[in-house]
Amino acid sequence: MTVEPLAPVAPSRVFIAILLRDLTVARRELPYFLVRTALQPILFVTVFGFLLPRMGLIPHGYSTTMLPGVVALSLALSAIQSVALPMMQDFGFTKEIEDRLLSPVPIHLVAAEKVVGGVLQGIVAALFVLPVARLIMGPIPGLSFRNLPLLLAVTILGGTAFSAMGLYLGTGIAPQQIGLMFSVIVAPMIMFGCTYYPWAGLSHVPVMKWLVLINPLVYVSEGMRAALTPGIPHMPLLMILAALVLLTALFMFLGLRAFDKRAMS
Amino acid sequence: MNAIETRSLRKVYPAPAIKKRRGVPAPAAPPSAEIVAIDSLDLAVAEGEFFGVLGPNGAGKTTLIGILTTRVRITAGEAFVSGANVTTDPAAVRSRIGVVPQRPNPDRSLSVIENLVFHATYFGIGRAEAARRGEKLLERMGIADKMHAKVDQLSGGQQQRLMIARALSHDPKVVFLDEPTVGLDPQARLSLWEILRELHDQGRTIVMSTHYMEEADQLCGRLAIIDQGKLLALDTPAVLKTKAPGDTLVEVTFDGDASVAADAARAMEGVSSAEARGPILRVFSKRGGELIPSLINAGEAHGRVVRDIQLSRPSLETLFISLTGRKLT
């Protein structure tokens, strides 16, 4: 008996098949997904964009500052969770990902698919939060969608950076430490991510202004500000885009390395 | 071309990291804390063989299958599956193999049939064709009625059959099964054996690890007995059995310590070895059952009464005990 030569499968075809699997599962879990990732931003919008301005505790113009931050937060949070949570489960307990690790492509492609899936889910979350926030807060002065190329660039770069960060955290952190990940990494990142205040405002506290630069979320928030509310002072564009590119590269490198360690013993 | 070939294969796992604890001085790392899971293993499995890897837990069976299925890195040596190198061309290896894991790991977010359809698409098979194959496979595995069920609604045996169906969904040349019958009830085990025989009859190469002697004996054309990563014996089950020493094993259980009868037993004609373990006297003898009256007398001479007598013909189990000094399970 001879082995007939097998027609090699195009990696792109396998990649799309694996992505379709993730999208099928994500579509079924859409309501849970939206609650998980959008509830927190929506609660903040309700309190700081609706209740406090009504009480006169916060000036009405604050919604213009806050909206881009909330969109950035939804994008980043859902991208990170969409990758990190399934990675922890798959590698930690269920080993479900093994059927994809046995597909006839380099295993980095399986990791890359997870990142792309995370970006797509981040975009869905951001697109969901934007109109809801607008609905809760009322008209937002200075909101503009004219700078579409920049908006797309920030969304895709920011989504990829956080999706890759999810890959790194999901494969690098033990499942028992998941609570720790949220309280030690995610929560401070949200608070010091320039989501609820512009970076320029930190000039009043110069130490913080430089310290927050280690926070990846700062660049997504400021990028959204530059794209959605160009009238508000924001970080220089070049700095935002350069930082996002560097962060994406860094987290992809760390994430793929950690993925390798878990995928092969 | 061989379906599988390994040359001086070696796998060493690094020593597990020792964690420091406050107040407790870190223990010094033992000199050889690293674990040699596979040690200079040379194997050649021909196409169409039903090949068994037999050994106790921790013998290196799962590591060996992990290497051949591209999931474990090689420390030294080479391994080829269907002519493709597992280290330099893992994607080609993966396109030719089907893998049934030790513990079922179905995709729990998908239904039973979706598990098969999506898996087939990972191998470049179109959805329509994948669905057609999936239905056929589920029928053959006898779980077609569960087609649209959630995976969690399947019993352990059914999940194992789903794993076999999944492994076959891209029609692989070589099928690997890592202890596929562990945890199955006897009936599920027998029906799995039937499925495996059928796969083999279709011309596929089957590589199965197990620690059940009977399973290895019944199914495999050739058997590799491994322990502590080393190949101890390799042949057909029939030839291996003839290599088992001492012919028949007679086990006599007394109502007290059996050592008093061991010396007398050793002196008997045709006895190659006799050993007492608590109340059990184990005697390897060419005379088999003929020896029983003398053994009973030897015990009674010291006031012992016989509780039980067992005869075991030469088996893979007795061979394994003689090779490794310990029992398989």
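Here is a quick briefing on cores, the chain contact and a few residues worth a look. This is a predicted model, in which local features need pLDDT of at least 70 and side-chain atom pairs count only at pLDDT 80 or more, while totals for chains, interfaces and linings use all residues. Residues are numbered from 1 along each chain as its sequence is written, and chains are lettered from A, with ligands numbered from 1, in the order in which they are written.

**Nonpolar cores**

- The largest nonpolar core has 143 residues, and those with the most contacts inside it are A:Val71, A:Ala76, B:Leu68, B:Val81 and B:Phe176.
- Helix α3 (residues 62–94) of chain A gives the most to this core, with 16 residues.
- Another core, of 15 residues, lies apart from it and includes B:Leu249, B:Phe254, B:Leu281 and B:Val283.
- For the record, a nonpolar core is a set of buried Ala, Val, Leu, Ile, Met, Phe, Trp, Tyr and Cys residues joined through C-beta atoms within 7 Å. Buried means 20 or more other C-beta atoms within 10 Å of a residue's own, exposed means 12 or fewer, and partly exposed is in between, with C-beta atoms placed from the backbone.
- Helices (H or I, at least four residues) and strands (E, at least two) are DSSP runs, numbered from the N terminus.

**Where the chains meet**

- 24 residues of chain A are in contact with 28 residues of chain B; contact means C-beta atoms, placed from the backbone, within 7 Å.
- On the side of chain A that touches chain B, α1(A) has the largest share, six residues.
- By class, that side of chain A has 14 nonpolar, three polar and seven charged residues. Here Ala, Val, Leu, Ile, Met, Phe, Trp, Tyr, Cys and Pro count as nonpolar, Asp, Glu, Lys and Arg as charged, and the others, Gly among them, as polar.

- Most residues other than glycine have a negative phi.
- B:Ser8 isn't a glycine, yet has a positive phi of about 45°. B:Ser8 sits in strand β1 (residues 4–13) of chain B and is exposed, because 11 other C-beta atoms lie within 10 Å.
- B:Glu179, also not a glycine, has a positive phi of about 45° too. B:Glu179 is in the loop between β7 (174–178) and α6 (186–201) of chain B, and counts as buried because 21 other C-beta atoms lie within 10 Å.

**B:Asp39**

- B:Asp39 is part of strand β2 (residues 35–45) of chain B, and is partly exposed because it has 19 C-beta neighbours inside 10 Å.
- Setting aside neighbours within four places in sequence, B:Asp39 is in contact with B:Arg10, B:Gly229 and B:Lys230.

Conventions: Contact = placed C-beta atoms within 7 Å.
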